[in-house]
Amino acid sequence: MAELPLKDPAPADAAADTAPRPGRIRKPIGWSMIVHAVLVAVCVVLVWRRDGADGVLQILFSNLELFGGILPRVLAGCLLGAFIAEILPHEKVSRALGPNSGLKGLLIGTAFGAILPGGPFTVYPVAAALLTVGADFGAAIAMVVSWTLIGYGRAIVWELPIMGTDFTLWRIVISLPLPILAGALGRFVYIRLYPKGAPP
């Protein structure tokens, strides 16, 4: 009985293109956290010198109340991003929104950002999830800029009733190219800064 011919293994480059990009590991304490902590400490000292301990405690308690109201939304947004990262097929996202997706990836990111509902607690975790499952910086930038400039939710609820139809339509039409341009520029800069892949 003749042996079946063995298939040649796929080239390393092809395997690398289809393999999902590893997610970036975020450190709990980075330069941003340190800068914020220093600024908070300086502000505490300034308020304490002007208003004493009572002024500092009043600000602390009012902000703890604000934090308690925001925390459920932050938690929901982070859970949404985590579940999206698990549900979405990495290979399809990488093909549609990855570094080799070209103009199509920027257009998809722009369209997705324009229709994405919710506030920053939803949008940024979703963008982070897309980056984790294979989208590149350009597509993620196009999505966030599109949500900021075109987002239909704010346009329908706030802009259309207050500013009128003509203003809203022209503002959207004029804003349409900007997410694509921002995404293309972000992709160009990212490739130049990190030619070998994700930053360490």
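# Close-up views of a predicted model

**View 1. A nonpolar surface patch covers about 960 Å².** Its members are Phe-112, Ile-115, Tyr-152, Ile-156, Val-157, Trp-158, Ile-162, Met-163 and Phe-167. Patches take residues with over 30% relative accessible area and no salt bridge; nonpolar side chains (Val, Leu, Ile, Met, Phe, Trp, Tyr) are joined within 5 Å, like charges within 9 Å. Areas come from the Shrake-Rupley method with a 1.4 Å probe, and for residues only the protein chains shown count as cover. Helix H4 (102-115) and helix H7 (152-163) each give two or more residues to the patch. H7 has the largest share, six residues. Trp-158 lies in helix H7 and counts as exposed, at 58% relative accessibility. Exposed means over 50% relative accessible area, buried under 20%, partly exposed in between (1.4 Å probe, protein chains only). Helices (H or I, at least four residues) are DSSP runs, numbered from the N terminus.

The model is predicted: local features need pLDDT of at least 70, side-chain atom pairs count only at pLDDT 80 or more, and totals for chains, interfaces and linings use all residues. Residues are numbered from 1 along each chain as its sequence is written, and side-chain values use heavy atoms, without hydrogens or water.

**View 2. The largest nonpolar core has 16 residues.** Such a core is a set of buried Ala, Val, Leu, Ile, Met, Phe, Trp, Tyr and Cys residues joined through side-chain atoms within 4.5 Å. Leu-97, Val-126, Leu-130 and Met-143 touch the most other members. Helices H2 (31-87), H3 (90-97), H5 (120-132) and H6 each supply at least two core residues. The largest share, five residues, comes from H5. Leaving out residues up to four places away in sequence, Val-126 touches Leu-80, Ile-84, Phe-112, Leu-116 and Met-143. Contact means heavy atoms within 4.5 Å.

**View 3. Arg-187 and Asp-136 form a salt bridge.** In a salt bridge, a side-chain nitrogen of Lys or Arg is within 4 Å of a carboxyl oxygen of Asp or Glu. Here the closest N and O atoms are 2.6 Å apart. Arg-187 lies in helix H9 (residues 177-193) and Asp-136 in the loop between H5 and H6, so the pair ties together parts 51 residues apart in sequence. Arg-187 is buried at 11%; Asp-136 is buried at 4%.

View 4. pLDDT is the predictor's confidence in each residue, from 0 to 100. Helix H1 (residues 12-18) has the lowest mean among the elements, 47. Where pLDDT is low, the predicted coordinates should not be read in detail.
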